[in-house]
Amino acid sequence: MHQNRTALFSGLSLFLCFCLLSGMSWLAGRLTGRTLLLAMTGAEILAFAIPILLLRLGCTREHPVCMRSFLKISRPSVIGFTFFAALAVSILTFLIDYVFLRTGAVAPASMTDIVRDVPIADGRTAVLLAGVFIFLPAILEELFVRGALFSAYEQYIATGPCIVISALCFAMLHGTLSNFIGPLLAGLLYAYMTYSFDCIWPAVAAHCINNLYYVLILWLTNTYNVFGIWKYFPAVSGILFLICAYLAFCMLENLLASGHIRRFSKPGSVEHGLLAITINPGFTVFVLAFAAKAIFKLY
């Protein structure tokens with residue numbers, strides 16, 4: 001009974017988060033300048049803080065939600081793996097987005113137009129811009145998806161399936177099919193980091209690196225597009241991806257050999273746990289909302 005309640009509230013929190021994020025997208029199209037940034041800051045906080053509170057209220061003493069928000073990083077290899085793995089996934093996501101653009105598919109959602117509409121005339125606006133697009137989403141999304149939601153799912157299924165389903169939820173929260181593969185890959189990495197180090201802060205740092213990378217890409221392409229730099233980006237990005245992936249795997253190997261990576265929990269009844277998570281009203285309305293938005297975006 002208690003577990004069914006936790007599953008229901010986890011689904012409802014996802015649906016509520018999806019609705020609030022969709023409302024934020026609607027808001028972004030109707031405001032400009034610093035007013036837009038302030039409104040998006042408030043909307044971003046509400047979009048994740050309310051679902052976190054809802055999910056924590058749905059839990060019980062027997063099945064609490066562990067946010068994993070305490071700092072537990074003690075080895076340089078953890079920092080190195082976080083940095084290079086995050087950069088590798090960010091570059092790979094960029095290359096996937098580039099394929100979408102080159103094939104004429106629907107372009108992934110970006111903040112290009114928002115950034116262009118916000119004149120960075122002073123330091124306060126620049127700090128606010130960095131907070132809205134780099135730091136705030138990383139902290140709030142990780143607290144919800146890799147903190148509260150991942151902890152709730154761990155009560156039902158083993159570590160491997162838990163990582164996969166939390167990554168799928170993270171990708172669906174972004175709301176579009178054209179922007180699905182990148183968040184899915186990032187979600188897999190962030191969830192793996194959270195479990196392996198028993199802390200969300202490596203995932204927060206990796207998420208910030210990803211957001212910063214995209215801000216830099218947007219700035220470079222907007223500033224130097226007239227010089228034809230786009231034709232060099234895929235090759236340079238491919239080389240950087242191989243270098244970062246190699247270094248990340250080397251550091252991961254070091255962490256595994258020294259026993260600083262947690263082993264996955266042994267699977268119990270995977271089918272029963274997946275049914276409890278996915279076959280409930282909360283999760284069902286979340287999936288239907290994503291499907292409706294995806295179809296609407298396509299047509």
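1. The buried residues of helix α9 are Phe233, Ser237, Cys244, Ala245, Ala248, Leu252 and Leu255. Buried here means under 20% relative accessible area, with exposed being over 50% and partly exposed in between (1.4 Å probe, protein chains only). Among the elements that cover these residues are α3 (76-102), α7 and α8. Helices (H or I, at least four residues) are DSSP runs, numbered from the N terminus.

2. This is a predicted model, in which local features need pLDDT of at least 70 and side-chain atom pairs count only at pLDDT 80 or more, while totals for chains, interfaces and linings use all residues. Residues are numbered from 1 along each chain as its sequence is written, and side-chain values use heavy atoms, with hydrogens and water left out.

3. Helix α9 covers residues 233-257, which is 25 residues, and its first and last C-alpha atoms are 36 Å apart, close to the expected 36 Å at 1.5 Å a residue. The expected span is 1.5 Å times one less than the number of residues. Just after α9, glycine 259 has a positive phi of about 75°.

4. Of its 15 residues, 11 are buried, so α6 is mostly covered. The buried ones include Cys162, Ile165, Cys169 and Met172.

5. How do α6 and α7 cross? Their axes come within 8 Å at roughly 135°. Axes are lines fitted to C-alpha atoms, for helices over the stretch in contact, and angles run from 0 to 180 degrees between N-to-C directions. The pair is therefore oblique; under 35 degrees counts as roughly parallel, over 145 as roughly antiparallel, 65 to 115 as roughly perpendicular and the rest as oblique. The residues of this contact divide into 13 nonpolar, 3 polar and no charged. Ala, Val, Leu, Ile, Met, Phe, Trp, Tyr, Cys and Pro count as nonpolar, Asp, Glu, Lys and Arg as charged, and the others, Gly among them, as polar.

6. The axes of α7 (residues 181-197) and α8 (residues 201-224) come within 8 Å and cross at roughly 155°. These two helices are therefore roughly antiparallel. Tyr190, Met193, Thr194 and Phe197 of α7 meet Pro202, Ala203, Ala206, His207 and Asn210 of α8. That contact has 6 nonpolar, 3 polar and no charged residues.

7. Serine 13 lies in helix α1 (residues 2-28). Is serine 13 buried or exposed? Serine 13 is buried, with a relative accessible area of 0%. Leaving aside neighbours within four places in sequence, serine 13 is in contact (heavy atoms within 4.5 Å) with Pro51, Leu54, Leu55, Phe144 and Leu149.
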